[in-house]
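Reader: I'm new to this. Could you show me how to read the places where ligands sit in a protein?

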Amino acid sequence: MTNALTTNPSILKWIEEKIELTQPDRVMWIDGSHEQLEELRAEGCSTGELYKLNEEKLPGCYLHLSAVNDVARVEGRTFICSEKEEDAGPTNHWMAPAEAYDMLYNIARGAYKGRTMYIIPYSMGPVGSPFAKYGIELTDSIYVVISMAIMTRMGKEVYAALGDSDDWVRGLHCKCDIDEEKRYICHFPQDNTIISVNSGYGGNVLLGKKCFALRIASNLGRNEGWMAEHMLILGVEKPNGEITYIAAAFPSACGKTNLAMLIPPELYREKGYKVWCVGDDIAWMRVGEDGRLWACNPENGFFGVAPGTSMKSNPNALISTKKNAIFTNVVHNLDDNTVWWESMDKNPPKNAKNWKGEVWDCTDGSKGAHPNSRFTAPAQNCPCLSSEFDSPAGVPISAIVFGGRRAKTAPLVYQSRNWDHGVFVGSIVASETTAAATGAVGVVRRDPMAMLPFCGYHMGDYWKHWIEMGKKLGDKAPKIFNVNWFRTDDDGNFLWPGFGDNLRVLEWIIKRCENAVDAKETAIGYVPNAGDINIEGLEDFDRATLESILEVDKALWAEEADGIEEFYGKFGDKLPAELKAELNTLKANLK
Ligand code: GTP
Ligand code: SPV
Ligand code: MN
C-alpha cells in the first residue's frame, strides 16, 4: 500500500479490505503531526464542515454543527453483536454477528466514493503504559479526525507501540447520508470491532470513547481481570499535601465533568484544599502490585456538556475550552465570531445563529444551543489537571462513588456496609434521563453503575465481575458510596447548593475512608450525622434543610425495593446470589 505508516500485516490486510468495501477516492494516513492537522482544519473550513472562530478570543478553536437529526447517542440503534444473544443480556440490543456484518457492509459498500478515507491510529491510555490499548479508526469525516486528535493519544507512535501485534481495536465509521433509519452503532466483542454508520455525532463516531473505552473494554476487562467504568477520577489534596483519589460514576449529564473539576469553596481554599482532575468520563481500573485498585483515564480530552458550563458553575471546564477546542451545536455569536450557550452568562448575543445554523433571536424563548451541545477540549488545557494524568501506573483509588439525578428517595450521601453491598448500591442506581441520549427527558430509569448504555455484555455477568474484583481486593478494596446532588423541594428547586460545595460531601467520604468520623446506620447503609457535614459559609442553607436531604424515607424506599425487585427479575439466573441477598436484607431492614 502506498504511503502506509506501518508494515503490521493485520492492519494492512484489514485496511485493504475496507478500501475495497468503501471505495474512497483518496486514502490519508493520519500521522498526528501539527502540519497534517492544520491542513485538515483548513479543508474542513473550506467545505463548511467547520467554522474557524475568533483567533484572538478563541485561538485554535472551531465550531461544528451536526445534522439536526443527529445530536445525541442513539441507544435504540446501538447493538452488541456477540456470538450468543445471551451474552448481550437483557439491557442491550443484540444482533447476530453475521447478519449485522452483512447489513453494515451493504450500507458501507461504496460509502467513501468521492470522499477520503482517513486512517487514524490512536491509543487509549498513555502509549506504552500497562493500561494502554490501541485502536485504528477509519472515517470519512474531518471532524472525527480533529476530534480524535483531542480526545485520544493519536499518531504514528501507536504503530511503533503495536509492532506486528494484532491486538488492536478495529473501528469503521461511515457518515453515509446521516440517515436516521439506517443509523447503526454496532460492537463485535469477539472481533474487537466497532462499526458506526449514518451518524456524525461525537458519542456515535469518536469510536475511542464509549464504543471502545466502555463497550469493548468492558469485555476486555472481564476477560483480563480489570474494570472499564463510566467514572470520573479526581484527587482531593488536603492542606498537609496528602491526596486522596476518588472515582465516581454518574449517568450521562449528571455532573461528572463538574465534580472532576470542582473548585473548593472559599473556606476550603483558604485552608489549602485543592482538587485535581484525572478524568471526567471514563476510568480503567486494575489491581496494582500493592493490592490496591489503581485507575487511569484512557482519554486525552473532555467531551463535555456545554449548556450550564459557566465561570460560576465550572470555571475550570470553561477555561479548558478557551484554546484548541471544538464546539458542537452551540450558538454562533456573529458579532465577534465566538460561541455562546444557555447559562454561560446573562448576555446572549443579539446577532447570532442557533445550533441549527438559523438566525436566532434570543428574546423569542427558543434555546440557542442544543441541550446536548458539547465542547471537545484538550485535557492539558485544564487548570486543575492532575500531575498524575499521564502516569503509567494510574492513581490509587480510596473511594468509589455512585450517583444519579433523583428529586426524592436517595439521600445526599450514604455509604455501603461493605464491598458486596456497595455493588448492590451501584446496581440500583436510578436517574432521571437527560438530553445526552435521544428519547424522553426526566423519566426515572435504572442505570446500574451508570453503565446501562455502555456495558458491552450481560449486566448480570458484569455484576459478578464486580463481586469477583472485590474478592481480589479484599480489605484493600475502596469504600463504596452513593450521592445525590439533585434532591428538590415541592417547587422543583434544588435543595443542595452542589457544584463546588460538593467538596463538603467528599470531605465526609474521605473521613469515612480514614475511619475518622462516625455515621448513622440506616436501612440502606451509613448516613452522616448532620453535624458531620460542614455547612459553614453556606448562604441560604441551614441544618434543617441538610437534615431533610439526609433523610431515608422508609415508605419511598419500600417502593424503591419493589422497583429493584422488578428490575432484577430481568436478569434471571445471571443475577448474582450476593445481590439477591442484599435486596432481601434491604427489604427486611425496611420492615
Ligand atoms: P456526560 O459528559 O454526558 O457523561 O455528563 P457529565 O456526567 O460529565 O455531566 P456534567 O458535569 O456535564 O453536568 C451535566 C449537568 O448537570 C450540567 O447542566 C450541570 O450544570 C449539572 N450539574 C452538575 N453538577 C451539579 C450539581 O452539583 N448540582 C446541580 N444542581 N446540577 C449540577
Ligand atoms: C455521555 O453521554 O455519557 C457522554 C457523551 O459522555 S457521549 O460521548 O455522547 O456518550
Ligand atoms: Mn459520559
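**Two ligands and their surroundings**

Author: Let's start with the shell around ligand 1: helix 8 (256-260) and strand 18 (301-305) each supply at least two of its residues. Helices (H or I, at least four residues) and strands (E, at least two) are DSSP runs, numbered from the N terminus. Helix 8 gives the most, with 3 residues. Some ground rules: this is a predicted model, where local features need pLDDT of at least 70, side-chain atom pairs count only at pLDDT 80 or more, and totals for chains, interfaces and linings use all residues. Residues are numbered from 1 along each chain as its sequence is written, chains are lettered from A and ligands numbered from 1 in the order in which they are written, and side-chain values use heavy atoms, with hydrogens and water left out.

Reader: How many residues surround ligand 1?

Author: A residue is near a molecule if one of its heavy atoms lies within 4 Å of it. Here 21 residues surround ligand 1, and the closest are Ala253, Lys256, Thr257, Asn258 and Arg374.

Reader: What classes of residue make up the shell around ligand 1?

Author: Ala, Val, Leu, Ile, Met, Phe, Trp, Tyr, Cys and Pro count as nonpolar, Asp, Glu, Lys and Arg as charged, and the others, Gly among them, as polar. The shell around ligand 1 has 10 nonpolar, 7 polar and 4 charged residues.

Reader: Which polar backbone atom is 2.8 Å from an oxygen atom of ligand 1?

Author: For a polar contact with a ligand, look for a pair of N or O atoms within 3.5 Å. The backbone atom at 2.8 Å belongs to Ala253. A backbone N or O atom of Gly255 is 2.9 Å from a ligand 1 oxygen, and a side-chain N or O atom of Asp281 is 3.0 Å from one. On its own, ligand 1 has 660 Å² of accessible area (Shrake-Rupley method, 1.4 Å probe), and the protein covers 90% of that.

Reader: Which residues surround ligand 2?

Author: Among them are Arg73, Lys210, His230, Asp281 and Arg374. By class, its shell divides into 4 nonpolar, 3 polar and 5 charged residues.

Terms used. Polar contact = N/O pair within 3.5 Å; in protein donor to acceptor, adjacent residues only side chain to side chain.
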